Protein chains: 2
Amino acid sequence: MKAITLHDVAKAAGVSVITASRALSNPGRVSESTARRVQQVAVEIGYTPNLLAGGLRARRSHTVAALLPEISVSQFLPTLAALTEGLAAEGYQLILGQTGYDRAREDDLLDTMIGRRVDGIIATGLLMPREEVKRRLIASRIPVVETWDLSSNPFDMAVGFSHLKVGAAVAGFFLRKGWERVGIATGSDQRAEQRREGFLSAWGKDVPTATVPAPSSVALGRQALGRLLEQDPALQAVFCSADTLAEGVLTEARARGLRVPDDLAVCGFGGAEFCAHLLPSLTTVQVDGAGIARHAISMLLQCIEGSRPAENVVDIGFEIVERESTRRV
Amino acid sequence: MKAITLHDVAKAAGVSVITASRALSNPGRVSESTARRVQQVAVEIGYTPNLLAGGLRARRSHTVAALLPEISVSQFLPTLAALTEGLAAEGYQLILGQTGYDRAREDDLLDTMIGRRVDGIIATGLLMPREEVKRRLIASRIPVVETWDLSSNPFDMAVGFSHLKVGAAVAGFFLRKGWERVGIATGSDQRAEQRREGFLSAWGKDVPTATVPAPSSVALGRQALGRLLEQDPALQAVFCSADTLAEGVLTEARARGLRVPDDLAVCGFGGAEFCAHLLPSLTTVQVDGAGIARHAISMLLQCIEGSRPAENVVDIGFEIVERESTRRV
DNA sequence: CTGTTAGCGCATTCAC
DNA sequence: GTGAATGCGCTAACAG
């Protein structure tokens, strides 16, 4: 009851192993009749190529690692889905890794992925490996794309946007509305912190802030609004570091009899599907998660094929999509 | 600039390759001093084992495939997260596959995973491979766990619950409330359809139904309620096949001035985090997604270690968690 | 406790 | 157009 190998196919088709190999993966280099015969035999005897063996020889595993802080962070889902789908279309599979916002686990995962000889690594967020791991990663020559963030000097390549600019853009948006008493509800991750910084520097002064642990949730959003209102009961607007947080803020506002946007305006971040269908619909900072995936894949594939993308940093931008939650008359 | 192999470690430590191998992966079988020396050398020269090569030889890839219909179906997220985490703790990585509710893609993915020599396959939902693929899968002897569903004759192993029973339980719940005019908002996937069947057979007669395409979303929930109210403007309660759908129903009800639960009661399915924090909070059928993952992992590991779990089908059950959305006075 | 031998299944290099 | 030899990096089986 052994597995069926290329050897068996070759024997059954009356050719050598290498001819069978070529007939299946490079039919152009073999006569048409041979190719057909081998292919038919392969199907008949139920041959499934061992990708591990092929990969070992060809030094190509046809796998890509996706490193996420936490899978339940729904912000990254469209990216993850697009990666899975886009890579599969190119014959690559995604290997999942969850760092849990933990530096040591990130390092472990990187080592594992190097060991697995993945053909590329796509990280959500910036990678911050220990010096030692960093050296191994560089030595492995595995192309790395950091996403959902931009760095002045990325580890290798990056596709994302500036979180500082997001914060500044929202601050500008609030300023143009003429609001003066605003607050921030933020998850405790690094990128959210940057958005807050960007907001503050454009705003010119500090504002009430409620920080909740990552990952964000509706429950934490409700809680955050409570804490913000303690700091300033006359709050006019809240910038949330995630759409789920914003949803919680909307809910809590309603629970407290605050009308949105008349008593309180709310802006989320991420561009989740549900934003457009809440009541009131939610203004948010829209990010093209699937577009990030597409860019990352194309950059990775270029590296794998031996060249390098023209730009190793792609700013994919963002857009404030205004909806009812900030449309105060 | 070649990769550093076990060979280099062995040379640097002055031992044979196999001793180096044992020192790193089975230190009990070599002297303590040798083990320590080899381990130290390995770190010094930056050795990263090639898991592909090891796997080829040991016939163990230390990977498990997770097959999902669609990554954006948030119902499966806790399961996916728990799988990633639980498997990593055991030294296994998850390889992701997205079938898109498409039989042909499921078959392709199965073939790919067989080719990758994954040590196990965990599917959400029941697998329905073509006869041909099924034979290859069986021949490969890869253990398979189907989750989130139960089958009288699973492909190999299964951990889930009966969707018919879920439907029946919700129907019973509605009956006990004394409601007579009820409806169903359902995604167009197979398991949701079963829940509907279970509901109808317990209810005793047909009810208005709005079917929306999978995957479910808040927008589709809003749309579904609209269609249900066209069929019966005096609807008293709605059973939704997903929590996101139910959230849309809640929103649409509010948009139309219907009070929940007084004018309309709503029950979701899945047990998403946000249910408890909506306004009104959402009654739902709670499913232990992480528990499913734990069971699946333990069953898989037993198979990999050569034995078989005592039961090849585990019914993990479900629970109706009542909240405000059905608490009518 | 350590080393030698022999592959795992496939693809690259060279011949013919 | 086809094939024989060789090795990718590692470990199981046996021997010493």
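A: Start with helices and strands: they are DSSP runs, numbered from the N terminus, with helices being H or I of at least four residues and strands E of at least two. By that rule, chain A has 12 helices and 12 strands. This is a predicted model, where local features need pLDDT of at least 70, side-chain atom pairs count only at pLDDT 80 or more, and totals for chains, interfaces and linings use all residues. Residues are numbered from 1 along each chain as its sequence is written, while chains are lettered from A and ligands numbered from 1 in the order in which they are written.

Q: What radius of gyration does chain A have, and what would a compact globule of 329 residues have?
A: The radius is taken over C-alpha atoms, and the globule rule is 2.2 Å times the number of residues to the power 0.38. A compact globule of 329 residues would come out near 20 Å, but chain A has 25 Å. Along the principal axes, the C-alpha atoms of chain A fill a box of roughly 85 × 40 × 35 Å.

Q: How do I read two packed helices?
A: Two packed helices are described by the angle between their axes and the distance between the axes. The axes are lines fitted to C-alpha atoms, for helices over the stretch in contact, and angles run from 0 to 180 degrees between N-to-C directions. Take α2(A) and helix α3 (residues 32-45) of chain A: their axes are 9 Å apart, at an angle of about 90°. That makes α2(A) roughly perpendicular to α3(A). The classes are: under 35 degrees roughly parallel, over 145 roughly antiparallel, 65 to 115 roughly perpendicular, and the rest oblique.

Q: Which residues of α2(A) and α3(A) meet?
A: Contact requires that the C-beta atoms of two residues, placed from the backbone, lie within 7 Å. A:Thr19, A:Ala20, A:Ala23 and A:Leu24 in α2(A) meet residues of α3(A), including A:Thr34, A:Ala35 and A:Val38. By class, this contact of α2(A) with α3(A) has six nonpolar, three polar and no charged residues. Here Ala, Val, Leu, Ile, Met, Phe, Trp, Tyr, Cys and Pro count as nonpolar, Asp, Glu, Lys and Arg as charged, and the others, Gly among them, as polar.

Q: At what angle do α10 and α11 of chain A cross?
A: Helix α10 (residues 218-231) and helix α11 (residues 243-255) of chain A cross at roughly 55°, and their axes come within 6 Å. That makes α10(A) oblique to α11(A). The crossing of α10(A) past α11(A) is right-handed. A crossing is right-handed if the near helix is turned clockwise from the far one by less than a right angle, and left-handed if anticlockwise. The contact of α10(A) with α11(A) holds nine nonpolar, five polar and three charged residues.

Q: How many residues of chain A touch chain B?
A: 46 residues of chain A are in contact with 46 residues of chain B. The largest share of chain A's side, six residues, comes from α5(A). That side has 21 nonpolar, 16 polar and nine charged residues.

Q: Which residues come nearest to DNA strand C?
A: A residue is near a strand if its C-beta atom, placed from the backbone, lies within 6 Å of it. Around DNA strand C there are 25 residues, and A:Thr5, A:Leu6, A:Ser21, A:Gly54 and B:Val30 come nearest. α4(A) gives the largest share of this surface, five residues.

Q: What surrounds DNA strand D?
A: 25 residues do, and the closest are A:Thr19, B:Thr5, B:Leu6, B:Ser21 and B:Gly54. The largest share, five residues, comes from α4(B). The surface near DNA strand D divides into 12 nonpolar, 10 polar and three charged residues.

Q: Where are the cis peptide bonds in chain B?
A: One joins B:Ala214 and B:Pro215, with omega about -5°. B:Pro215 lies in the loop between β7 (209-212) and α10 (218-231) of chain B. Another joins B:Leu279 and B:Pro280, with omega about -5°. B:Pro280 is in the loop between β9 (265-270) and β10 (283-286) of chain B.

Q: What is the phi of A:Arg117?
A: A:Arg117 has a positive phi of about 55°, although it is not a glycine. A:Arg117 sits in the loop between α6 and β3 (120-124) of chain A.
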